[in-house]
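Let's take a friendly walk through this model, moving from an interface inside one chain to the contact between two chains, and then to a single residue.

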Amino acid sequence: MVGITGYGGYVPRLRLQRAAAAKANAWLNPGLMGKSKGERAMANWDEDAITMAVEAARDALGPDDDRSRVKALYFGTTTAAYTDRLNAGIVQAALTLEPQTACFDVTGTQRAGLSALSNALAAVRGGLKGEALAATGERRKARAASAQELDGGDAGAAILVGAKDTLADHIGSAVSTVDFVDHFRGAGEEFDYNWEERWIRDEGFAKIVPPVIKAALAEAKVEPGAVDVFILPTTFKGVAESVAKKAGLKPEAVKDNLAAQLGDSGAAHALVLLSHALESAKAGQVIVVAQFGQGCEAHVFRTTKKVESWKPERGVSGWLADGKPETNYMKWLVFNGLVEWDKGMRAEKDNKTALTTLYRNNDMILGLVGGRCTETGTVQFPRTRISVNPNNAAVDTQVPYKFADKPASILSWSADNLTYAMSPPNHYGMMVFEGGGRIFMDITDVDPGDVDSGTPVRMVFRVKEWDERRGFTRYFWKAQPDKRRMAAAKQAAE
Amino acid sequence: MAAGIRDKVAIIGMGCSKFGERWDAGPDDLMVEAYLEAMGDAGIEPSQLDAAWFSTHIDEIGTGKGGTPLSLALRLPNIAVTRVENFCASGSEAFRGAVYAVAAGAADIALAVGVEKLKDTGYGGLPVGNMGTLIPQTSPNGSAPGNFAQLASAYRTKHGVTKEDLKRAIAHVSVKSHANGSKNPKAHLRNVVTEEQVIGAPMIAEPLGLFDCCGVSDGAAAAIVTTPEIAASLGHKGLVTVKALQLSVSNGLESQHNSWDGSYFHTARIAAKKAYKEAGVEKPREQISMIEVHDCFSVTELVTMEDLFISEEGKGWRDVLDGFYDADGKVPCQIDGGLKCFGHPIGASGLRMLYEMYLQLKGRAGDRQLANPKLGLTHNLGGSPSTNVCSVAIIGQQGA
């Protein structure tokens, strides 16, 4: 039966303390203090919808190099880097999926994440010869001192869909499309324009969602009272509960929306919550996931026995547990482009990207693929015609070799205050990979004192630079301190 | 190995502009300053020059491309001018070109001039630039101090040196260079500093503080070379001759192969070995009288003491702290203040190092004159620890 064969999530390390943001802005809007509890996930400066979707997909796919089973990729988001460049194509390249993978951007509504999953389910049901991946990521952007700034959260999630070995079978779905404009973001605009909350609640959620839930359950032939988990992202208090009641669901089925520790990740949030729910699901449970936006979409899943044994690399819970409280509201403003700050003359460097060069080196730059010499086994980055092996400079012997999921450690490093950086001091150094090879690269998600020679790191796909003059986002891989291997090493030492 | 350059070419004139923030001078003024001193020293007319080599690194903001900036500034008599560039080792490259032209018999007398005008950018430190279209897409967003600071973490780890000991050792490197630079009227930085000042200075790139970084300076330096026979015929006595000229260039081993541990310069060791062989030096710690090394950062100088086989591997930091390389030590290093204090106008630096060695060998180094030096070594590096070019040159008394 068609259903979920894997899932993953991603929550950025930084957690903006809402109290810090509310306090900074309470003089403008005292009402913000009412939202000052808890924390929201805050993307690092070099993360965006694409990088978070990539990280979530890696969480679902695991470190195995062979990802040829994925035949289709649907990327759901409303905050992608490009309006006209296939964002899903960047995700595909970063994941080193086969070029034959069908890739689509699903966008234009807050239910884009769940729509990506709909498409993946439809593709597999339609006879796709392999699995389909629904990946989603959202970097919420809101004006400084707005309520949305405190309600939102940055995150990613990914769901793998297949026709065998499922963790949860897809047993019903329903959709309605209604041009109900609770908010909008015009083309080229940075921020949402929001209508009154009471109207959205009473005319939107309360009237549009329950019939869709009922229809999906009817298709699944499941009684509303038999639903174990109900997922409906919304930032409005009590709305998920009242919708559940109207649809006849048990009140205890309503899943906590992670508002206290993550915030609402927009189009990504339904899949973030689904991914999170699957982590603790038991066999035979019914999960209903719905997402609101110009109508509503709902899917019904029944978990299989396998859901209890299959686990993602880290999962939403793993990432949630690995947060760092951030109380510096100015950092939030800088990272989100909400303040004009003095970057200095060093930032004037032209970051124009030669698209020809990018294409020639596509797997190297986006996929972190190097080479392995078939004669000597020497592994190197980048792949070159003549091997770097000092004892055997073999010619034309290299085959592609993927570095992205190989464990590495720091050989040398520095924390640089001189260079232009969005989050100084900029850490970078020589990363040495287990199994061979090394790359001199940026280190991200790091604070002074975090690293030294020998620190284990993992590779993460991030924004390298922006070409602000031309609107081009440049991506590459960076090293991130590997907390899990650091903890394991510490434990072994003790 | 080739027969080598030993004693085949003599230096008959050298010149060096005042280094520093030369708000008053453009690159042409700097070149003229160095050139006129060198020509006066050599005692020749422009018409006697057969060819010239011209080094400058950052052509975009400095002097421009090609050989014309030199020819125009000096009004050279339409002779060949070859512009060379090899990162911060460009100055040594110009010297190599001139020396080899003389050795080959292609020129009787050749000129080498290096210049850099760095203080026209509007900010401190080196100008920010791109290297082609691929490297910027992957390489870290870094700076020269950040790249060279990499040495510190790798060196500490390899040799088990504590952060504090290493910081003290590199501080001593800078204290020594400031003391030396204070005696050099042409130096950019002439202030004396204490170890406490160096250690307490603002951090630039961990663990390098402000005083661990060399001056970013404007300046030019020049050399005039010929055969020993022609030098003698022109009346030059007590000749300073070229003993060795070596250049080793990274081929990607350090940046791509795990055999390099990040704590030293692979190229420097190769260039040093070849230079000693070419010059007939068997025990550098005993035979080399003085050295001018590429102390772009204090930690670079520290590891270079080992790369030149003067200090034992892992013990360079102890020699530094023991004063072995101080002005009154066994092998004085950076007696002119080095890049640290004389300054570092990139395209000129290799020639500036040779200028000091030449003055010392000629006994014309004023307050900083060393007693009876025989052989002087210059080490001129360009790039970063993991990808670089390294020049090692030795000059000395004829017959030494």
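Lys186(B) and Glu37(B) are joined by a salt bridge, with 2.6 Å between the closest N and O atoms; the term stands for a side-chain nitrogen of Lys or Arg within 4 Å of a carboxyl oxygen of Asp or Glu. Please keep in mind that this is a predicted model, in which local features need pLDDT of at least 70 and side-chain atom pairs count only at pLDDT 80 or more, while totals for chains, interfaces and linings use all residues. Residues are numbered from 1 along each chain as its sequence is written, chains are lettered from A in the order in which they are written, and side-chain values use heavy atoms, leaving out hydrogens and water.

Chain B is divided into domain 1 (10-118 + 218-233) and domain 2 (142-211 + 240-395), with bounds from an automatic or database domain assignment. Their C-alpha centres lie 24 Å apart. Domain 1 of chain B brings 42 residues to the contact and domain 2 of chain B brings 31 residues, where contact means heavy atoms within 4.5 Å.

Chain A and chain B also meet, with 49 residues from chain A and 45 residues from chain B taking part. Here is how the two interfaces look in numbers. Buried area is the accessible area (1.4 Å probe) lost by two parts on being put together, summed over both. A polar contact is a pair of N or O atoms within 3.5 Å; within protein, one must be able to donate a hydrogen and the other to accept it, and residues adjacent in sequence count only if both atoms are side-chain atoms.

| Interface | Buried area | On carbon and sulfur | Salt bridges | Residue pairs in polar contact (both at pLDDT 80 or more) |
|---|---|---|---|---|
| Domain 1 and domain 2 of chain B | about 2900 Å² | 70% | two | 15 |
| Chain A and chain B | about 3700 Å² | 53% | one | 29 |

Between the chains, the side chains of Arg156(B) and Asp452(A) form a salt bridge at 3.0 Å, N to O.

Finally, Gly6(A) sits in strand E1 (residues 3-10) of chain A, strands being DSSP runs (E, at least two residues) numbered from the N terminus. Gly6(A) counts as buried because its relative accessibility is 0%, the cut-off being under 20% (1.4 Å probe, protein chains only). Leaving aside residues up to four places away in sequence, Gly6(A) touches Ala158(A), Ile159(A), Leu160(A), Leu167(A) and Trp310(A).

Note on methods: Helices (H or I, at least four residues) and strands (E, at least two) are DSSP runs, numbered from the N terminus. Buried means under 20% relative accessible area, exposed over 50%, partly exposed in between (1.4 Å probe, protein chains only).
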